[in-house]
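Student: Could you show me how to read a few features of a protein model? I would like the general idea and then the case at hand.

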Amino acid sequence: MSKIFTHLERASPRYFKNLFTEISEFLQTPLDIGVEAELSVGIAKITAKTNQSESNHQYNPQLYISILERLSSLYFEQSDYLKAFNIKQEQLQIEQQYGFRAFVGASYLNPQRQAINSAQLQAENPETIAEEIAASGRGQDVKRLRERIGGTEHKLTIIHGQSGVGKSSILQGGLIPALQQEAIGERDALPVLLRVYTDWVGMLGQSLAQAFEEVRGNQLFANLDSSAAILEQLRRNADRNLLTVLIFDQFEEFFFVYPDQGQRRAFYEFLRVCLDIPFVKVILSLREDYLHYLLELDRLFNLTAINNNILDKNIRYHLGNFLPADAMAVVQSLTERSHFYLEPALIDELVRDLAGELGEVRPIELQIVGMQLQTEKITTLDKYRQFGTKEKLVERFLEEVIHDCGAENEQVARLVLYLLTDENGTRPLKTRAELAADLATEADKLDLVLEIFVASRLVLLLPESPADRYQLVHDYLVSFIRQQQSNEILAELAREREQRLQAEEKLKLEQDAKQILVNAQQEAKREIRQGRMQLRVSSGLAVCLLLFAGISSLYAFNQIQFAKEADGKKQEAENKVTTAEAKYKLVNQNLEATQKQQAAIQQKAQELESKKTDAEQKFQAAQKNQQATEKESKLAKQKTQQANQSLLAAKADLEEVNQKASELQEKNAQAQESIKTASEKIKTAEVKLQQAATKQQQAESQAQQAQSTVNQAQAKLAQAQKATEEAEAAREEAQKGTELERAGVNALRQFEYAGELESLVAVMHSGKELKTLVKDGRPLEKYPAISPIFALDTILNKIKERNQFQGHQGGVLSVSFSPDGKTIATASLDKTARLWRLNGQLLQEFKGHQGIVLSVSFSSDGKTIATASLDNTARLWPVENLDRLLVRGCNWLHDYLQNNPNLGESDKRLCDDIK
């Protein structure tokens, strides 16, 4: 404990107490009384010795770093990953600022600081330019940018370069500290940095107020919530002897946030007014492949302050990658300052690996790889080779950030990184909802991962309405993420989507089950109603059976009564026979009486005859009645017999009916039971039938859905194949477009600093390739690259060079046209003069001078050339044409043609007509 106080005496008491309190609260354990007493004594000594009231890590950064490291470890062990990570980031920044860490990874560079000597107890410690910037030669860039801001010529400066070349770092770690260190003329520089553009007015107002307070030490009470208020404050700054520098970093994001031209016009108008305000300078920093977006500003507004040429080379300031020598200087400087010494052979091979085929080192890659070297403690070439390539170190950097998210969040972190890339090698913008949709069951861990990624500067947070969006910080990291994690992540995403689909299907099934339950309940109620109705019918049937039994009994009773009536009719029929016989006897008696009185009553013959006839008729009727009576008698006898038989049968039937009634009662009970059982079976059968019908419908529906799914899957497969082909074509076109963008920019750069014709040839090749890509007739805004068009237009408008004459071995000091303008004479450091056609063809070379040929000139007739040389001579040279050359040839061959016996006659006369 006493050793700790020896170090702590150099720090302020409040600084120590704050840290101690935080550790104590975190551990949530009471302190030992002896330890607490010793700490109290130590704090009293520190207070008495330093008499400081404010805590500051400048007094003892090493102690501060060690405590932060311990705190981060404790929070991580307690699974408070976000707080652990924030403390770790603070530790890394302080280590870099005070020279304990050589590299900072993907973070921005911060200004350098020096620890305050406890004996001096200085209150101020001005920030200095970051060591990385000074060591890499970028200090010269900072100096030039500062001069541009201090001069009157450059109201606007556009810093451009590829992603990862260090544009943001040179602003934050170089230019801003340089502006703050020293006044520009009689004015204090007021740098205002802006990187977020969703609410650019509000953010710019806050940044302006904060910068004013830092520079002047006074709070700005103006309400800067509108562009008009900001512009008014800029005018007041000019009156307060301030030079305001508005720095819009990562300005390409502005075009992502405001894709509509109408939304961008407000900023354009603000920028136009800023350029007209005295003592206000503007810096736009963006990737070079977005430079052509600024042409829109030229078209929409009259920018007289920059001569309506926003992409003029006097406005643009290019930042490129490190040359290998600069990269080596950076590595050596940073490792020496942090006492992290690397073997020279390791530095050489590391720089060669980083430079690759391009012969340039990307600053972002240097920082990431360097940080991993220090983390893995790789200091020799052998260890570097054993560990693997630079790609392995970049992979380790990503793994470190993923590790900071905690083991339980590792898979989500990998998925998020992968989702923030695409197959075209770019960094798509995605909302949290879009990321969560792809993560399915892991979405609850997303917020923590995003916070850590944003805090590590691995991912950018772009506040927008209605939802914030996230983007990977550098294009450089896209290829590593997709190459290292592609197959595994794709499989995991497939699993996540499958789980999401299963969850959705399960939810749907649960909903369907609930609906089926509701339907079943309704069906059950209907079945209960039907059962009750069937019960009523069954009860009615039972009653009917009972009634039938009663009717059968009544029928048997009626048969018995009928038999009795038949017996009564028989007796009546017998009585009628007796009566008929009596009447027959009476008729016979009457007939005999009539015959006796026939003679006495002749006068009454007619009447008697009539009576006779009537009597006969009556007799006949009586006979008939007798016959009928006999028949009735026979029938009565038969009926009596039948009645007897029916009576016997009725008795038997009655017994049988009684027996059947008894059986019927039993069967009725059984029938009721059967009816009940049958009703239940019918109900069960109907339920099963309904279920079978439902299952059949479901099966048919599922079959239809399956067929539909198959059809959709086939269609989606075809679409996916087509989309894959289109995506591959789009990726190739995007890649080619990127190459053409770079080629266009490089051609412009070559035109400015090298040969004009070479740059025109290069951009013509790019233009022809672009024409091949857009032969489908698409509009200009859908071209994969614009810079070749811009470069070709710019070069053709500015080019002056027509041709090049190559052949001299030294510099050309003098040039002269012939009087007819068809030839050119040149004088060179190679001691020769030459004659050329205008198309670049060499006609003659004049050799003879012993010194440099200083000048050359034609005679008035163009037949002679005069040259002047450092060999103290001037010479005349004939300008040869065909006639002269033929004459010279003939003069040379004269003796040969005349004296050679082996020549033919035509050869001997070769020069006869040449004079």
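Student: Is cysteine 405 buried or exposed?

Tutor: This is a predicted model, and a residue counts as buried when its relative accessible area is under 20%. Cysteine 405 has a value of 0%, so it is buried. Cysteine 274, with 1%, is buried by that rule too.

Student: How many disulfides are there?

Tutor: Look for two cysteine sulfur atoms within 2.5 Å of each other. That rule gives one disulfide. The partners are cysteine 890 and cysteine 911, with an S to S distance of 2.2 Å. This pair links distant parts of the chain, 21 residues apart: cysteine 890 lies in helix 26 (residues 882–899), and cysteine 911 in the segment after helix 27 (905–908).

Student: What is the handedness of the link between cysteine 890 and cysteine 911?

Tutor: Read the angle about the S-S bond: here it is -90 degrees, and the link is left-handed.

Student: Are cysteine 890 and cysteine 911 buried or exposed?

Tutor: Cysteine 890 has 11% relative accessibility, so it counts as buried. Cysteine 911 is buried as well, because its relative accessible area is 15%.

Student: Which residues of helix 24 are buried?

Tutor: First, the general idea: an α-helix has 3.6 residues a turn, so residues three or four places apart point the same way. In helix 24, the buried residues are Leu757, Ser759, Leu760, Val763, Ser766 and Leu770.

Conventions. Residues numbered from 1 in each chain as written. Predicted model: local features only at pLDDT ≥ 70, side-chain atom pairs only at ≥ 80, totals over all residues. Heavy atoms only, no water. Buried < 20%, exposed > 50% of the residue type's maximum accessible area, 1.4 Å probe, protein only. Helix = DSSP H or I, 4+ residues; strand = E, 2+ residues; numbered from the N terminus.
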